[in-house]
Amino acid sequence: MSFSTVFTVILIGVLIFFTTFLFLKSNKIPVKFSLLWFFIAVVLILVGLAPNLIVGIANIFGFKTISNLLVGILIVMLIFVTMALTIIVSDQKSRIILLTQELSILKKKIKELENMRK
């Protein structure tokens, strides 16, 4: 793997790591959501620090070039991020439905109490 590829992979990993850390420190994302991004950053840094390992993996899986393997790894990581975000959105949707139902019940009770006072 060329020096520029190694440098780029390490740089991207470090940028993702520190960006995630800054978001976490400023409470823009919770810890449980930042773990996936930290994992991605660590994988990228390890790939950059151990280029011979990545060459061996590329040969095992039959990739012609290292860049194809790196793109494949990034696509798989993006799929995992998309799956994690889908889970989060589904959970939030369920919570919103529950809150809407509870709010409707409370509004009904308040209206009944106001009608009883009159």
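Among contacts between residues at least 6 apart in sequence, what percentage join residues at least 24 apart? In this predicted model, the figure is 60%.

**Stop 1: the whole chain.** Select everything and colour by secondary structure. You get four helices and zero strands. Along the sequence the pattern reads α-α-α-α. The radius of gyration is 24 Å, while the globule rule gives 13 Å for 118 residues, so the protein is more spread out than a compact globule. The C-alpha atoms fill a box of roughly 80 × 30 × 15 Å. Colour by accessibility next: 16% of the 118 residues count as buried.

**Stop 2: helix α4.** Select residues 66-117. This helix has 52 residues. From its first C-alpha to its last it reaches 76 Å, close to the 76 Å expected at 1.5 Å a residue. Show side chains for I66, L69, L70, M77 and V81, the buried residues of α4.

**Stop 3: where α3 crosses α4.** Keep α4 and select α3, residues 51-61. The two axes come within 9 Å and cross at roughly 90 degrees. Which residues meet here? On α3, pick I54, V55, I57 and A58; on α4, pick I66, L69, L70 and I73. Colour this contact by residue class: eight are nonpolar, with no polar and no charged residues.

**Last look.** Leave I66, L69 and L70 displayed. These three are among the buried residues of α4, and they also meet α3.

Technical notes
Residues numbered from 1 in each chain as written. Predicted model: local features only at pLDDT ≥ 70, side-chain atom pairs only at ≥ 80, totals over all residues. Heavy atoms only, no water. Axes fitted to C-alpha atoms, helices over the stretch in contact; angles between N-to-C directions. Helix = DSSP H or I, 4+ residues; strand = E, 2+ residues; numbered from the N terminus. Contact = heavy atoms within 4.5 Å. Nonpolar A, V, L, I, M, F, W, Y, C, P; charged D, E, K, R; others polar. Expected span 1.5 Å × (residues − 1). Buried < 20%, exposed > 50% of the residue type's maximum accessible area, 1.4 Å probe, protein only. Rg over C-alpha atoms; globule rule 2.2 N^0.38 Å.
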